[in-house]
Amino acid sequence: MLFKTLQEYDNNQIHDEMKQYLSELGLSENALSTMVDGKMTVEDLVGKLTAHLIEQAAQEDRRRFRQKQSEGIARAQQAGVAIGRPTRKQDKRFRRVREMYQAQEVTGQEAARLLSVAPSTFYRWLRQENTDEM
């Protein structure tokens, strides 16, 4: 939640917020232009720090999301819920096309095309048939 809020800020908003905060503290806006170690202004330093904090918040947000996601998947699997895309059931024509494939009348690619499935699905069905026969 924090990350989304921070993400909505742009540099101009951050600059305006810094000016307002300086005003509340009774400091001049020129304080933002003060050089730090002759390398960068206070404004640049605060901007880089803010960007760094936003990135850290984003990483923590992603880590928490992935953790919750993996916990949810683990709970679903323990409950017996199928995860992922369901496998396609063998077509009624599979046995005939398999016989054509085994007789070398068609290639695996052609057999898959006849069944309107991906070649990997056709080959998986073949493997399943072989393991079922054993």
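The chain contains six helices and two strands, where helices (H or I, at least four residues) and strands (E, at least two) are DSSP runs numbered from the N terminus. The model is a predicted one, in which local features need pLDDT of at least 70 and side-chain atom pairs count only at pLDDT 80 or more, while totals for chains, interfaces and linings use all residues. Residues are numbered from 1 along each chain as its sequence is written, and side-chain values use heavy atoms, with hydrogens and water left out.

Read along the sequence, the elements follow the pattern α-α-β-β-α-α-α-α. Of the 134 residues in the chain, 18% are buried, a term that means under 20% relative accessible area with a 1.4 Å probe and protein chains only.

Within strand β2 (residues 40-41) lies T41, which is buried, with a relative accessible area of 17%. When its neighbours within four places in sequence are left aside, T41 is in contact (heavy atoms within 4.5 Å) with L32, S33, T34, M35 and V36. A polar atom of the T41 side chain also lies 3.0 Å from the backbone nitrogen of D44.

If residues up to four places away in sequence are not counted, L126 touches F94, R98 and Y101.

Terms used. Buried means under 20% relative accessible area, exposed over 50%, partly exposed in between (1.4 Å probe, protein chains only). A polar contact is a pair of N or O atoms within 3.5 Å; within protein, one must be able to donate a hydrogen and the other to accept it, and residues adjacent in sequence count only if both atoms are side-chain atoms.
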